[in-house]
Amino acid sequence: MLTGERSGGNKTSTSPAENYYLARRRTLQVVVSSLLTECGFESAEKAAVETLTEMMQSYITEVGRCAKANCEHTARSTPTLSDVVITLVEMGFNVDTLQGHAKRSQRMVITAPPVTNAPVIPKSLVTGQKRTHPAYIPSHFPEFPDPHTYIKTPTFREPVSEYQVVREKAASQRRDVERALTRFMAKTGETQSLFKDDLTAFPLIAARPSSIPYLSALLPSELELQTLEETDSSEQDDQTDTENNLNNTIHDDAGADKENAVLPPGGGVPTVKSNEENMIDNPYLRPVKKPKVRRKK
């Protein structure tokens, strides 16, 4: 009774696809049992029958797979008898014995398997209208794939141009960058904690004491230094151009007067290097320099 209830429960729980394959499996088991009876066996264990059934199913599957490969190798879609014969020869089977085996006297007749519907293959995504073969393509050629595999559906996303959204996005990005930089500095440098018990909670970047705290406020930034260097270089270029123009217009008498000029008490001529050494490093105490005004030529 228990076995019957279990089998009945399995029948109700199996799907149509499983029923289809189980019916084919039972037919193979009947074939194996009939062959054992023809060979003179009166009984067999269930494990032995299952093993022989599995071997027969694997053999038939391999024959079908190789026949399909030979068929596709010759640009066909449906296997023929010649494909099966070639497959059996390649697998080492003597094809000449098939006719004698089919005409044996003690052959048992097996009833046809029960009619079961083939398993329904679920349909894939259908997009657009499927194309048919043109007149110049034979009908045995494979069909075109589903349209969704080659139809191009471009998607365009308009850029956000609203002022409020752009400002909110920029503020959030800036906040994220500052937060990430703060965490990086807290992990790589010295930190201080608000709580003495838990040093890992709310870490703060340790402040480094400086002997001259106002020095950072007086020193210019890198951008200002770069601007000053560009201004100085442009002024030096203008000065050299002016000096060259003056030298070309000076007469020989002016050169003689310059040679007879009185030297300073030290006996040396002041150089540019001495002027640079006397220059004040503090930008707030330097003399005012007017920005260069480029004239249009």
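Helices here are DSSP runs of H or I with at least four residues, strands are E runs of at least two, and both are numbered from the N terminus. With that in hand, the protein chain reads α-α-α-α-α-α-β-β-α-α-α-α from the N terminus on, which comes to ten helices and two strands. Before going further, keep in mind that this is a predicted model, where local features need pLDDT of at least 70 and side-chain atom pairs count only at pLDDT 80 or more, while totals for chains, interfaces and linings use all residues. Residues are numbered from 1 along each chain as its sequence is written, and side-chain values use heavy atoms, with hydrogens and water left out.

Let's begin with the whole chain. Of its 297 residues, 8% are buried; buried means under 20% relative accessible area, exposed means over 50%, and partly exposed is in between (1.4 Å probe, protein chains only). As for contacts, meaning heavy atoms within 4.5 Å, take those between residues at least 6 apart in sequence: 41% of them join residues at least 24 apart.

Now for the helix packing. The axes of H2 (residues 16-38) and H3 (residues 46-73) come within 9 Å and cross at roughly 110 degrees. That makes H2 roughly perpendicular to H3. For the terms, axes are lines fitted to C-alpha atoms, for helices over the stretch in contact, and angles run from 0 to 180 degrees between N-to-C directions. Angles under 35 degrees count as roughly parallel, over 145 as roughly antiparallel, 65 to 115 as roughly perpendicular and the rest as oblique. The H2 and H3 crossing is right-handed; a crossing gets that label if the near helix is turned clockwise from the far one by less than a right angle, and is left-handed if anticlockwise.

Which residues make this contact? On the H2 side they include Arg 25, Leu 28, Val 32 and Leu 36, and on the H3 side Val 49, Leu 52, Met 56 and Ile 60 are among them. The contact residues of H2 and H3 split into nine nonpolar, four polar and three charged. In that count, Ala, Val, Leu, Ile, Met, Phe, Trp, Tyr, Cys and Pro are nonpolar, Asp, Glu, Lys and Arg are charged, and the others, Gly among them, are polar.

H3 also packs on H4, at an angle of about 120 degrees and with the axes 8 Å apart. That makes H3 oblique to H4, and this crossing is right-handed. Here Tyr 59, Val 63, Cys 66, Ala 67, Asn 70 and Cys 71 in H3 meet Asp 83, Val 84, Ile 86, Thr 87, Leu 88 and Glu 90 in H4. Eight of the residues in the contact of H3 with H4 are nonpolar, two are polar and two are charged. Asn 70 is worth a click: leaving out residues up to four places away in sequence, Asn 70 touches Asp 83, Ile 86, Thr 87 and Glu 90. The C-alpha atoms of Asn 70 and Val 84 are separated by 8.7 Å, with the two residues 14 apart along the chain.

So what is buried in H4 (residues 81-90)? Asp 83, Thr 87 and Leu 88 are. Looking down the H4 axis, these buried residues fall within an arc of 135 degrees, so they line one face of the helix; the arc is that of the directions from the helix axis to the C-beta atoms. An α-helix has 3.6 residues a turn, so residues three or four places apart point the same way. What covers the buried residues of H4 includes H3 and H5 (97-102), while Leu 81 and Val 89 are exposed on the other side of H4.

Finally, a look at the backbone around H4. Gly 92, which follows H4, has a positive phi near 85 degrees. Ala 75, in the loop between H3 and H4, has a phi near 65 degrees, a positive value in a residue other than glycine. Most residues other than glycine have a negative phi. Ala 75 is exposed, with a relative accessible area of 57%.
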